[in-house]
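Please open the model in a viewer and keep the selection panel at hand.

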Amino acid sequence: RRIAFESGRGLDGMSIWLSNADGSNLVQLTKGPENYHGSPRWSPDGNWIAFDARGNDGRRNVKVVESSGGQARQLTSGPFSNSVPSWSRDGKRIYFTSNRTGRFEIWRVSAEGGPAEQMTHEGGYKAIESPDARTLYYMKKSADGPLYARTIGGSEEKQVLQEVAMRGFDVFEDGIYYLA
């Protein structure tokens, strides 16, 4: 019923906006201090939106904000970039990509904050947890490329799709929907 998206229509950089599915009831959800807010993802219960925020130093961090509005809370920090958040199916954790090891890998952090846990070790950029919360599906780069999967807590990955366009995939009960 509602859509979260990034837009520069507020004239103060890119921000997260909300609207009804028909485009009505447009509301700016986030504002600075960063000059770019993007990659919005709804929490499973619809009460929160995770997003990434790029600061003046060019680094990104993952934040969450209540979908009803309010002050955003930062979940990641450090001398590296953290971006492209997605929620666990139970809403307790947020997956994201970080280059803190020298290359982008998938990490997860509690939605309340705290230390992050590394989930991949052979590259990872965008991740989506399976509906049964047992498998992590992910791409290794921000551009077109293969889709991989691994059991959460497991070490062996497998390629499940040869090519997905521009990180365009999501995972549902009845299958994987993706851009070719």
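## The second largest pocket

The lining of the second largest pocket comprises four nonpolar, two polar and three charged residues. In this classification Ala, Val, Leu, Ile, Met, Phe, Trp, Tyr, Cys and Pro count as nonpolar, Asp, Glu, Lys and Arg as charged, and the others, Gly among them, as polar. To display the lining, select S39, R41, V84, P85, K126, M166, R167, G168 and F169. Strands β4 and β8 are the elements that each give two or more residues to this lining. The space in the second largest pocket amounts to about 150 Å³.

A pocket here is an open set of points on a 1 Å grid over the protein atoms alone, where a 1.4 Å probe fits, with protein on both sides within 12 Å along at least five of seven lines; lining residues have an atom within 4 Å of a point. Grid points are joined across faces, edges and corners, and a volume is the space filled by probe spheres set on the points. Strands are DSSP runs of E with at least two residues, numbered from the N terminus.

The model is predicted: local features need pLDDT of at least 70 and side-chain atom pairs count only at pLDDT 80 or more, whereas totals for chains, interfaces and linings use all residues. Residues are numbered from 1 along each chain as its sequence is written, and side-chain values use heavy atoms, with hydrogens and water left out.

Select V84, in strand β8. Its phi is positive, about 55°, although V84 is not a glycine. V84 counts as buried because its relative accessibility is 9%; the classes are buried under 20% relative accessible area, exposed over 50% and partly exposed in between (1.4 Å probe, protein chains only).

Next select M166, in the loop between β15 (157-164) and β16. M166 also has a positive phi, near 45°. M166 is exposed, with a relative accessible area of 56%. Most residues other than glycine have a negative phi.

## The largest pocket

Now select R41, W42, S43, P44 and D170, which lie nearest the centre of the largest pocket among its 18 lining residues. This pocket holds about 320 Å³ of space. At least two lining residues come from each of β1 (2-7), β4 (36-42), β8 (82-87), β12 (126-129) and β16 (169-172). The lining consists of nine nonpolar, four polar and five charged residues.

## Two buried serines

Select S86 in strand β8. S86 is buried, at 2% relative accessibility. A polar atom of its side chain lies 2.5 Å from the backbone oxygen of A127. With neighbours within four places in sequence left aside, S86 is in contact (heavy atoms within 4.5 Å) with R41, R93, I94, Y95, A127 and I128.

Move to S81, in the loop between β7 (73-74) and β8. S81 also counts as buried, at 14% relative accessibility. Its side chain reaches the backbone nitrogen of R60 at 3.3 Å. Among the contacts of S81 beyond four places in sequence are G58, R59, T97 and F104.

## Aromatic pairs

How many aromatic pairs does a search of the whole structure find? The search finds three. Rings of Phe, Tyr and Trp (its six-membered ring) pair if their centres lie within 6.5 Å; planes under 30 degrees apart count as stacked, over 60 as edge-to-face and the rest as tilted.

Select Y138 and Y148, a stacked pair at 6.0 Å centre to centre with 25° between the planes. Y138 belongs to strand β13 (residues 135-139) and Y148 to strand β14 (residues 145-151), 10 residues apart. Both Y138 and Y148 are buried.

Then select F172 and Y177, an edge-to-face pair at 5.4 Å centre to centre with 90° between the planes. F172 is partly exposed at 43% relative accessibility, and Y177 is partly exposed at 47%.

## The polar contacts of Y138

Return to Y138, whose relative accessibility is 0%. Its side chain makes a polar contact with the side chain of R150 at 3.2 Å, and another polar contact, of 2.4 Å, joins the side chains of Y138 and E157. A polar contact is a pair of N or O atoms within 3.5 Å; within protein, one must be able to donate a hydrogen and the other to accept it, and residues adjacent in sequence count only if both atoms are side-chain atoms.

## A cis peptide bond

Finally, select G32 and P33: the peptide bond between them is cis, with omega near 10°. P33 is placed in the loop between β3 (27-28) and β4. Most peptide bonds are trans.

Notes: Helix = DSSP H or I, 4+ residues; strand = E, 2+ residues; numbered from the N terminus.
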